[in-house]
Amino acid sequence: MYKLIIEDDEGKTTVVPLIRDEISIGRKEGNTIRLTERNVSRRHAKLVKQNGAVFIEDLESYNGIKVNGNRIAGRVAVAEGDRIQIGDYVLGLKVEGQPTANKPAAVARPGAAIPAAEVRSPGVGGPDAATAQIDVGGLPAEEAAAGREIDNAARIVCVSSNFAGLEFELSKPVMVIGRTEDNDVVINHRSISRHHARIVEENGRYTIIDMQSANGVRVNGEEYGKVELRKADYIDLGHVRLRFVAPGEDFIFSRDATVVDPAQMSGSRGAIWVVLALVAVIGVGVLLWKLMGKSDDPVNDRQEWEQALRYCAKLEGEAIASSKENCDRAEAEKEAKAKFDAATASATRNEHEKALALFLEIPKSSAYYTEREKSAHYLDAKKKYKAQAISELDELVKNSECAKAKTKLASIKKLLPDLTEADSKVAGCVKVATLTSPTLTPPTLTPPTKVTKRQTRRRRITVKSKPKPKKPAALTAEQKAALKPLKEETTKAYMGSAYARARGLGKKYLKAFPTDQNILAIVGAAVCKLKRKDEAKRIYRRLQPERRPMLKSVCLTAGIQLP
C-alpha cells in the first residue's frame with residue numbers, strides 16, 4: 001500500500017494513505033488533499049494509481065509541478081524516492097513497511113510507546129503555530145470504514161456537564177471525532193471543529209491525533225499534536241472533557257465519574273468569558289447547549305455576543321444586578337464587532353477612508369481592538385489612505401489652494417494624527433501664498449460722463465469683437481520626449497491609489513500625446529475615483545468604443561454612471 005508524505009516549508013510532515021485510485025490536490029475546498037499556501041493553485045495536481053504504478057498530473061497549475069527538480073508537463077510516473085514539489089510543499093511516496101528518511105517523531109510523554117499512525121500533526125501549538133495548513137478531506141472516514149472491528153475496545157466518556165455521561169466505544173482502528181455528522185464520534189458543540197481529532201488503535205494501544213482543530217487537543221492539561229492515551233487520561237477538546245477508559249477497565253459513570261464545569265477547564269483557546277460569567281446564573285447545561293453552532297470563524301467562536309445578550313434579557317431579580325457589568329460588556333462588544341465587520345467590508349471595496357474611520361472607532365478595551373491590529377484589511381486601508389491623502393494634499397499645495405489644503409489637513413489628522421509630513425506641506429503652502437500675494441491698490445474712481453444717442457450709435461458701429469484666444473503653440477520634439485516618463489509615473493500613481501497624482505500627471509502627458517488610449521483610460525478611472533463626474537464624461541467621449549466598457553465599469557464601482 002502506498003502512502004504520500006507531505007512536508008511544508010517549516011518541516012512539518014503529514015502522512016496520507018493512498019486509499020483511492022485518484023486523489024486531487026489543490027488550494028480550493030473540495031480537493032481530497034487541500035494545501036492552503038497561495039502558491040498552490042485551486043486545482044493544482046492529480047495523483048492516479050494505475051496497474052500498480054502511481055502517476056502525478058499537472059492540472060494546468062500556475063506554478064507547475066517539479067519532480068526531482070524538473071518541471072513536468074501533463075502526466076508523469078513517480079516512484080518511492082522521487083521528490084515532488086508543489087508550491088512550498090515537498091511530497092514523496094512510501095511503500096507501506098519501508099522506512100522513511102527524516103520522518104519527525106510525534107510528540108509524546110516520557111516512557112510512552114508511539115504506534116504507527118497515518119496522519120502526523122504539525123505538533124504542539126495547534127494551527128496558530130503553523131503558517132500552512134494541510135486538510136486531508138474524507139480519507140480518515142474511508143480508512144476507518146475499511147478497517148476491522150475491535151474486540152474488547154476502549155471507550156471515551158464525557159465528564160463535562162454539557163454532555164455528562166455521553167459515551168462512545170472505540171470499535172474501529174481509526175475513529176474521527178468532530179462536530180458534523182460525517183464523523184465516527186459526533187459531539188455537536190461549537191468549540192469542537194468539524195473534524196477535530198482522530199483516535200488510532202494499533203496492537204491494543206490508542207493514540208489521539210489533532211487534525212488542525214481550532215481549539216487543539218489537551219491530555220491531562222497539556223497540549224499535544226499526537227500522544228498515546230493511557231488508562232484514566234482526561235482529554236479536553238475545546239469546552240468538552242472526555243475520560244479515556246482503557247480496554248477491560250472497570251469504570252461506571254454514576255459511580256466513578258467526577259463531572260466538571262466547562263468554566264473550570266483551563267487552557268482552552270477562545271473561551272467565551274461573557275457566557276461563562278453567566279453560567280452560574282442561568283445554568284451551565286442549558287446555556288452552553290444553546291450556544292452550539294456551526295461557525296469555524298475564530299472571532300465568532302470566541303465572542304458570540306448576541307447569544308450572550310439574549311441570555312442577559314432572560315435574567316430576573318438579583319441576577320440582573322450581578323451580571324450587569326458582563327451584559328454591558330457584551331453589548332459593547334456586539335457594537336465593536338459590527339464596526340469591525342463593516343470596516344472589513346469597506347476595505348474589500350477599496351473604500352479606504354471609510355474603512356479606516358470605522359476601524360478607529362473600535363475602543364482599546366474591546367477584544368476586537370487586538371483583532372484590528374492584526375487585520376490585513378486595517379493595515380492596507382491605513383497605508384492606501386495615507387498615500388491617497390498625501391497625493392491630494394500635494395495637488396492642493398501645488399495649485400496654491402491653501403484654504404482647501406488646511407481643510408483637507410484637518411480631515412486627514414482625524415484619521416492619521418501622527419502624520420507630521422502633512423503639517424509641513426500645508427505650512428509651506430501658507431508661506432508661498434504670503435510671499436507671492438500681490439499688493440492691492442484701491443482703484444481710481446472717475447465720475448460718469450453723459451453719453452448722447454449719437455455717441456451711442458457711433459460707438460455701436462465702431463465696437464470690435466473680442467479677439468479669439470490663440471491656440472497654444474505645439475510642443476517641440478524635445479518637450480514631448482521630456483514628458484514621456486510621465487506615462488509610467490501615471491500608471492504607478494494609479495496602482496498605488498494616489499488618484500489625484502495620477503490625474504495630474506496623466507493630464508500633463510496627454511498634452512503631448514492626446515490620443516494615448518491607455519493613459520486616457522487611467523486618467524478617466526482616477527477621475528471617477530475622485531468623484532469628478534463631468535470630467536469623467538469628457539474623457540469617456542475621447543476613448544475608442546472598445547475601451548469604453550472598462551472605464552464604465554470602474555466608474556460604476558465609484559458611484560458614477562456613464563452614458
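This is a predicted model: local features need pLDDT of at least 70, side-chain atom pairs count only at pLDDT 80 or more; totals for chains, interfaces and linings use all residues.

On the inside, 45% of the 563 residues count as buried. As for what you see on screen, there are 20 helices and 23 strands. Now take the contacts with a separation of 6 or more: residues 24 or more positions apart account for 54% of those.

Let's zoom in on a pair of helices. H17 covers residues 499–512 and H18 covers residues 517–529, and the two pack at an angle of about 145°, their axes 9 Å apart. The crossing of H17 past H18 is left-handed. Who makes the contact? From H17 you've got Tyr499, Ala502, Arg503, Gly506, Lys507, Tyr509 and Leu510, and H18 brings Ile519, Leu520, Val523, Ala526, Val527 and Lys529. Sort the residues of that contact by class and you get nine nonpolar, three charged and one polar.

Last stop: lysine 337, which sits in helix H8, residues 324–348. Is lysine 337 buried or exposed? Its relative accessible area is 19%, and the cut-off for buried is under 20%, so lysine 337 counts as buried. What does its side chain touch? There's a polar contact of 2.8 Å between the side chains of lysine 337 and aspartate 341.

Methods: Residues are numbered from 1 along each chain as its sequence is written. Side-chain values use heavy atoms; hydrogens and water are left out. Helices (H or I, at least four residues) and strands (E, at least two) are DSSP runs, numbered from the N terminus. Buried means under 20% relative accessible area, exposed over 50%, partly exposed in between (1.4 Å probe, protein chains only). Contact means heavy atoms within 4.5 Å. Axes are lines fitted to C-alpha atoms, for helices over the stretch in contact, and angles run from 0 to 180 degrees between N-to-C directions. A crossing is left-handed if the near helix is turned anticlockwise from the far one by less than a right angle, and right-handed if clockwise. Ala, Val, Leu, Ile, Met, Phe, Trp, Tyr, Cys and Pro count as nonpolar, Asp, Glu, Lys and Arg as charged, and the others, Gly among them, as polar. A polar contact is a pair of N or O atoms within 3.5 Å; within protein, one must be able to donate a hydrogen and the other to accept it, and residues adjacent in sequence count only if both atoms are side-chain atoms.
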